[in-house]
Every structure is written in C-alpha cells, then in structure tokens.
Amino acid sequence: MSDALSDGSAIALGRRQLYMLPTRHGIMFSLVLATMLLAAVNYHNGLAYLFTFLLCSMALVSMLYTHRNLSGLRLRAGNCASVFAGQDASFEVWLHNPSHWFRPAVWLHANGEAQRIDLAPRETVRALVIFRTTKRGCLKPPPITLSTTFPLALLYSWSKRMELDNRCLVYPEMGLERLLPSPADGDRPRFDGRRSEGDDFAGLREYRLGDPPGHVHWKTAARSQGLHTKQFAGHGGGTIWLEWDALVGLDVEARLSLLCRWVVDADAAGLRYGLRIPNTTVKPQHDVEHRHRCLSALALYGISDVQ
Amino acid sequence: MFNSVQPPEHVPDTAALNWLLASSTLIVALHAQHLPSWLCLIAACLIAWRYLSANHAWYLPGRWVRIVIAIALCVVVLKHFGTLLGRGPGIALVTALMTLKLLELRRLRDFTFVIFLLYFLCLAAFLYSQSFWVAGYAVAIALITTISLIRITQPLAMPTRYVWSLSLGLLLKAVPLMLVMYFLFPRIQGTLWGLPVDAYSGMTGLTDTVTPGAINQLLGSDEIAFRVKFDGEPPANRDLYWRALVLADTDGVTWTRSSNSHLIIDSLDYQPIGDSVSYAITLEPHDQPWLIALDLPASVPVDARAKRGFVLVRRRAVRERIRYQLHSYPNYDTGELAMAERREALSLPETLSPRVKTLVTTWQSQYGEPGSIVAAALNHFNQQEFLYTLTPPLLGDDPVDEFLFDTRKGYCEHFASAFVTLMRAAGIPSRMVIGYQGGELNTLADYMIVRQSDAHAWAEVWIAGRGWVRVDPTGAVAPERIELGVEAILRLVARGSSIGRLTPDAILGAIRPGWTEHYWRGLLHGWDAMNNVWNRWVLDYGPDSQRQLLQRLGFDTPSWTQMAATLAAAVALVFLLLTALILRNQRPDPALAWYQRFCRKLTRVGLHRAEYEGPIDFAARASRALPSLATEVRAITDLYVAIRYADRSGIAAQAELKRRVQQLRVSHAMVTTSSA
C-alpha cells in the first residue's frame, strides 16, 4: 500500500497547507514561563534561569514536533459506495504516513465532526467521512481538515480545508413497497420476501441496504463475518419492464422513488427487468451492474451534468 | 481560514492521572526539606486520596468540602508563618492548593493548570538550594511532569516506552537552545524587588577580632573558604600564607584591627624580590568585605582597594561567590615604617604582667639585637615544653601570661598573640596577621582548596633594613602544621601522637593515607572539581561573568541591543538546525534498505541489477547465474515484493528478510561461467 498514495491525485501536506497557533494551554504556559523568568532574574538564580530556558526551549521544540505530525502526510480520496437518499454516504479517505516517526492523535475534521487517527511509521490508514445524504444526484464530500496538538498541546496545527475528488452517487430515496408490474408474458412473479421455488442459490455477496431481510445469510452474520445476502440466479422469473409511464398522477421525485424501489425488489426477486424513463431506456437483464445502471439512471434523471 | 478546528476535548484516563500524581509526589518530596512537616503530610494525604479515588473508586469530596479544606489550609499556613506573603508561606500555600486541586480535576485545563504549577514549584525549590543534587532531581521531575503533560493532553494510551523516549527526546533536543538562551540572555545587576532579610544568613568565615583562649568555631569546620588556581606550579605548603587581616590593637585579651588600618593606601608600596606568583581566587561568600591574597599581593582586583597592612578590601560585603585574578611576591622588602605605624606596632596593654616583662628583659640584656631576640623567643617556644593542640584549656583575664607560664598549650592564635606581646615588650614593632595557611591540592582538576579549618594566625615583626618580616611562632612548636598542613595535624592527633616531638619518618608514616582513603580522597576531589565548574557556570554566572564570556566571543562592550540581537540570531540558528534534524525523514524503508544490501552483495560477484530491471526479472537472472543460491535469491525477492507491493508489512516478514539477507554468502566460485 505504500505506493498507493504516491500517484498524482494524492495531496501531500506541506508548509503552505499548514497553520499553527498556540492553544489556550500554550498561552497559559507562556504566562507561567514569564513568571518563572521574573523569579530567576530577581533572585539571580542560575538554576532557575536554566530551568526556565529548558521549558521554554522544550515548548519551541514541541512546535517542530507538532508541525511534523501533519507535515508530509499524504491524503487520497478513496471510494464511496452509492447509497439511497436519506442514508449515510461513507467517503473513504486514505492517509499515508511516509515517515519513520509515529503520528499519533491526528484529528480529521469533516462536517462538524472529528475523528482521531493514529498512524504508525509508513502506515496507510483508511478513514471514513460519513455524510447524511438528503437528495439524489452526484454528491461531493464535505471539505476536510486535519489538526493535531501532539505532543504537548501547547500549540495546535491544522491544515487548509481540502476538497477531495471522490463523488458519491446518491440514488433516489426508496419509495414504499408496491407491487411490481406484471411480466410481459403475463406470468406475474411472486414477491414475498422468500425465494421462489426452482431459483438456484448462486452464492453470497456483501449486504447492501435495501436487500430483503429474508435473503440475509444469517449464519455468517452469527459468526460475526458481516452481513451477506444470498443471491439467486434468476432463471425462474420472467422479464418485466419498470416504466415511468406506469406511475401516472405522481410528481417526478415520487415516481423516481417508486421506480427505485421496483429496481431493488426486482433485483432481489431474481427477475430480468428493464427500465424505461424519459430519454433513457435500459434493456432487461439481471446482474449487479445492471441494477447499478438502472439506479444511476434514476439518480441522475433530470440532472444535466455531473458536478 | 482560521475557523475553529481545534481537536475536541477529552477526559484523561487513569494512567495519565497516575503520572500526574507521581510528579506531584516528587515535588512535595523536593520541598519536604523546608516546608513544615504537617503540611507535607497533608499534601501526601491529598495525593493519596486522589490516587485511591481514581484507582479504587474512593469517595471524592464535593465542592463545599473542597472550599472548607481550602480555607482551612490558608488559615493554618497563615497561623504557622504569620503571613501569606514571601517565599516560605507562598510556596507552602501553592503546594497545599496544588494538591487540593488534584481533587477537582474535570476539564482538561484543570489538569494542565496543575502541571504548570508543578513546573513552577520545581523552580521555587531552587530558591533554597541550587546544588548539583537538586539539579539532577529537577531533571527527573521535568521528565516525569512532561510525560504527564503528554499523556494528559493526548487522547490515546501510548506505550510507556514510547512516552519515555518522547519526553526524553523533547528535553534533550531542548538542551542546545537552553544553553544559548542561558548564556546570552542579558543578566542584570541588582534585584527587581527586595529580597528577604534572612537571605544571607549562615555564611561563615574569619572574624576581625581574635581572643586567644575563647572558643574558635572555625577549626572544626571543613567548609570551603576559597579555591585557588595557580597559573604555574603552586608554591610549597610552607609558603602558602593567605593574608586576610592585620590585627594590631590589643587590650591584653582581644586583638582587633587598628583604628588607622582603615586608611586606604593607593598603591601597594614595597620592593618585590624575586619572581611573582600569579593565581585566581574563587572566594566563597562570607558576608564581610575583606578579600584573601597570598603574602604579599602586588595587584588589586577591580572593585576593591588596598589598605594599610597590605590587605585588600572590597567595597561591598562578599555575598556571592566571586572570582578575582591576582599576583603576589612571596619575598619582599617593605622599607621604612611610618611614625604612626610604629607607635601602633609597639603599643602594649597596661596590664602587661611582671613575668612577661622579666622574661623580655633577660632576652634584651642577653642578645640586644632584634633579630636575635626574635630567634630567642622562637627558641623559647621550642624548648620550653610548649604543646600545639587544637583543644587548649580556656584562659582567663590575662591570657598571654597564663599561656606563656602556666598552660603552655594552644594553637596558632595563642602562639601569635603571645609572640607579638613579647616582641612589643622588647621594643620590636610587631603585629598579628590572620588568614589561612596551606591548602589541599585537587590533583584531578589542578586547583587548590582552602577550607575554614586552614584558618591561621601568625606574626609580623619590623626589622630595619628588611621591613616587615613574617614570623610564625606556631612553626617553632609544630613544624608539621606549617610543612604538612592542618590536615596532617588532625590525623596525627587522631592517632594520639604528640605534635612537635616526632621523627620525620614517624611523621611521614603517620600522614601517608591508606589506599581506601586515597581513593576516597580522589572521589572527593572529583566531586569538588565538578562543583567548582557548576559554581562557576551556574551559581555565579552573573553580569560580570557574562561580560567576560562575551568579550571572549569578540564583543568588547556589548550594548543591550547588541546582546538582544546576538541572542535572537543564536536562537534562530540553533532552531534552524533543530528543524533540519527533527523534520528530516532519515530512515529509508527498512525493506528497501535490506533489498539494496542484497543487491550490493550480488554486485560484488558481478551481478548488477540494472535500473530498468524489476526485482523478479533480476531474481530470475541471478538464479541462473547462481544455481546453488537460487532458492535463497527467490525467497528474498519474494519477501521483498510481498512487503513492498502486496502490503505484507508485518514485523515478522521484515525480520525474515533481514535474517535471510544477512545470512546470504555469495562468492565468485558459485557463479556459473556461462552467464557471467
């Protein structure tokens, strides 16, 4: 992973990106030092001079330590899994420490919240910036800032606000459950949360929000291996079309929400399905990519350009 | 840009608090020497209370209880000291309230406040003692307190070893900056506000009166009076007469400085004979104005004047250790005697006893000539069963008479006072000189230590054609005292030998130290040498020594602005060097370093890895060339690739790579000719 962040898209924190000011503790400490110096001067106390200057020098040296806790740190935007509007988007941020020193207590501020990251020498760490989505479309992550008070908290250093170049595709908010349209050949598939008979178990994939609970593979979950969803090859189902025009009398967002719901349900039911909305038609198929293609089309409906 | 991105506040964990408590305990222990013991006990209890509440869930007092304790502490401190102002009560109060504050630690700033108080209290201890030990202890306190500061302000439990090295690293890297600030920060003369009245108590030294027969406090004191650094070879012990005061007035019991010895003479007017001795004296503070010089001084230090009797006096009392350079002539001719001086040097108390008069009259009629009378008197001390002892009997109203004819036991003061009285009765101008005699050479650092126990009194007689001549009647009785020093006398006394009646062999055998004593003495000398350096550069580093240092650096009379500029420039320079040191990422990736070493080993047998050649291609080529090492080469390459590119950065893999590269032995014999 040490090479993962050395490409062009990474940001390296340099002197131009970093600022430093004393903390409240630092101001207090300087007042204490001033008092100590006065005592040393008044009593002609050589040892008091030495001690005062030792502490003063230590504060100055700690300035360098604080600076190097952020300086040289490399950041790169990682992936961000698509989510439905109203859910939390998790932007991945990769931080790489290229140096031989530890960088403890680096704070990553985003969106009004802070998380602590400790980086071992030459370590790469993934942080997630969680951001609550409100509407569909292409979402930019919030700007992030790094800060630290390491080691003595007399000074704090922070970075410029940095815009990451990853994007989260936010699908429309999922509508309420609604009966799927009938297949074109008239054989209406059942969807009741259980797999239809004759469907073949095709393996496990990672759980995605919106997967029906009946398809969750609880055995792996019980073994603390995370949530997985059972997938079934869709040979048994028929082909259906999810159509914009089938939902008359609703406004645009409501239609998109319902279509979105249908895509998820149809995918979970193992059906071959196609999507037809104004200006876009996605031919019937059944796989993960197809699901994403359909949901993306819904997400970006009416949004002319990716920001 | 400056929007608030300060890290969020956290509550320090118990381990962090324990570091703080450890540091508080060390501070209270440091102050235990001078704080009232009940206060130390209260402080220790408060620390223990906080420890138990943090680690064993004991009850912590509420706000009102704390306020009551705080008021009670103020009241008892006030009752004990009578005031809340000043050094003693101030430190007592801060210590008490600091430990009380330990019971009320909520926000992070409460914790840092206590830590800053600890730093301050550590400094306050230096107002009582600036010894080497205290300095070492302060370093330990600084280290532990800084660990507490790190652990408390940083929200993670770092490994103890890491915190130790971090704290130590911070302090060590601060040392060069500290030294620059210490030596170049402009020092001022005088104080900003008044010092307590008792600031100078407890200084010992010679007094300007001598009463033979009274109790002398200095003899038993091994405190250091001054240290001497000779420019060349130090003179022999018998020539080391350190002059401090001349006592010429007496009422028969007590000897004092003469009324006109306060006269300032502007030049040390005498005829030197032979070579001079050059030396520097570091005088311990004795709260009196007089300075010490080797007989007879030929120069006057800055800030001092010469007075009649060839003694040096400073304008102010010596209240801090001072260092001055002098040169003296051991041989001299002081020339004629002024009338007033002669009258003074012949004055006798009216109570001179008939026995003394009779003795002197015998000598006068027998010898007549002053030089012979002096010799007769010395001979008298030597022949008439006089005994040198450091514990003589006390004497009454006429100590000279009693000593000469009844007790016949005494030390330098007795002999000197009796001798001067005898000389004056014989019409020879004479006076008593007090100072020190001898000294102990520190062979490790090549300087001489003179202690208060080396205090001595001797006589001077004026003889026409020679001027003032030093005569030491003690030498007539106990030559060991003069030849070997008071140290040898104390040793001989401890062995029960009688002074003045020993054969030279017996003396040598008696005073030669055993080997344990020899090494012990070496250790003491080393310790004293260290203290001497410490005194010079820490305790006594003031405006004068700073001026001398700056002059050596090339500033003749540095102004304030020059000094400030020098300080700023030096601090900036050192800071830049530290920046380069701290921000440099010196250690290359260890895996890469080991792989490069592997490549170098192969290069030695002619297998050079080209720039464009990837590790796997190179391994393939190397395996063909070195079939016997093919497995090893492949294993090393695989490990390296795994660590570098497949994120297998475990310590075990690193160690494995290191081991394999180290154990790899390549020789030319292994290389197959076909591929070479």
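These legends walk through several close-up views of a predicted model.

Local features are described only at pLDDT of at least 70 and side-chain atom pairs count only at pLDDT 80 or more, while totals for chains, interfaces and linings use all residues. Residues are numbered from 1 along each chain as its sequence is written, with chains lettered from A and ligands numbered from 1 in the order in which they are written.

**View 1. Where chain A meets chain B.** Here 57 residues of chain A are in contact with 53 residues of chain B; contact means that two C-beta atoms, placed from the backbone, lie within 7 Å. The elements of chain A that give two or more residues to this side are α1 (24-43), α2 (46-70), β6 (103-110), β7 (113-119), β10 (144-148) and β11 (155-159). Helices (H or I, at least four residues) and strands (E, at least two) are DSSP runs, numbered from the N terminus. The largest share, 19 residues, comes from α2(A). By class, the side of chain A that touches chain B has 33 nonpolar, 19 polar and five charged residues. Ala, Val, Leu, Ile, Met, Phe, Trp, Tyr, Cys and Pro count as nonpolar, Asp, Glu, Lys and Arg as charged, and the others, Gly among them, as polar.

**View 2. An open sheet in chain A.** Four strands of chain A line up in the order β1-β3-β5-β8, with antiparallel pairing; strands pair if DSSP finds at least two bridges between them. At the edges are β1 (11-12) and β8 (124-132) of chain A, each pairing on one side only. Nine bridges join β5 (residues 88-96) of chain A to β8(A). To find your bearings, look for Ser90(A), whose bridge partner in β8(A) is Ile130(A).

**View 3. A hairpin in chain A.** Strands β16 (residues 272-277) and β17 (residues 280-285) of chain A run antiparallel, joined by four bridges. Tyr273(A) has Gln285(A) as its bridge partner in β17(A). Two residues sit between the strands, and Asn279(A) takes a positive phi near 75° in this hairpin.

**View 4. Two loops of chain A.** Between β6 and β7 of chain A you will find Asn111(A), which has a positive phi near 60° although this residue is not glycine. Asn111(A) is partly exposed, with 14 other C-beta atoms within 10 Å (20 or more would count as buried and 12 or fewer as exposed, with partly exposed in between; C-beta atoms are placed from the backbone). In the loop between β10 and β11 of chain A lies Pro151(A), joined to Phe150(A) by a cis peptide bond with omega about 0°.

**View 5. A helix pair in chain B.** The axes of α7 (residues 160-184) and α19 (residues 560-583) of chain B come within 9 Å and cross at roughly 175°. Axes are lines fitted to C-alpha atoms, for helices over the stretch in contact, and angles run from 0 to 180 degrees between N-to-C directions. The two helices are therefore roughly antiparallel, a label for angles over 145 degrees. Among the residues that meet are Leu177(B) and Val180(B) in α7(B), and Ala570(B) and Val574(B) in α19(B). By class, this contact has 13 nonpolar, one polar and one charged residues.

Technical notes:
Angles under 35 degrees count as roughly parallel, over 145 as roughly antiparallel, 65 to 115 as roughly perpendicular and the rest as oblique.
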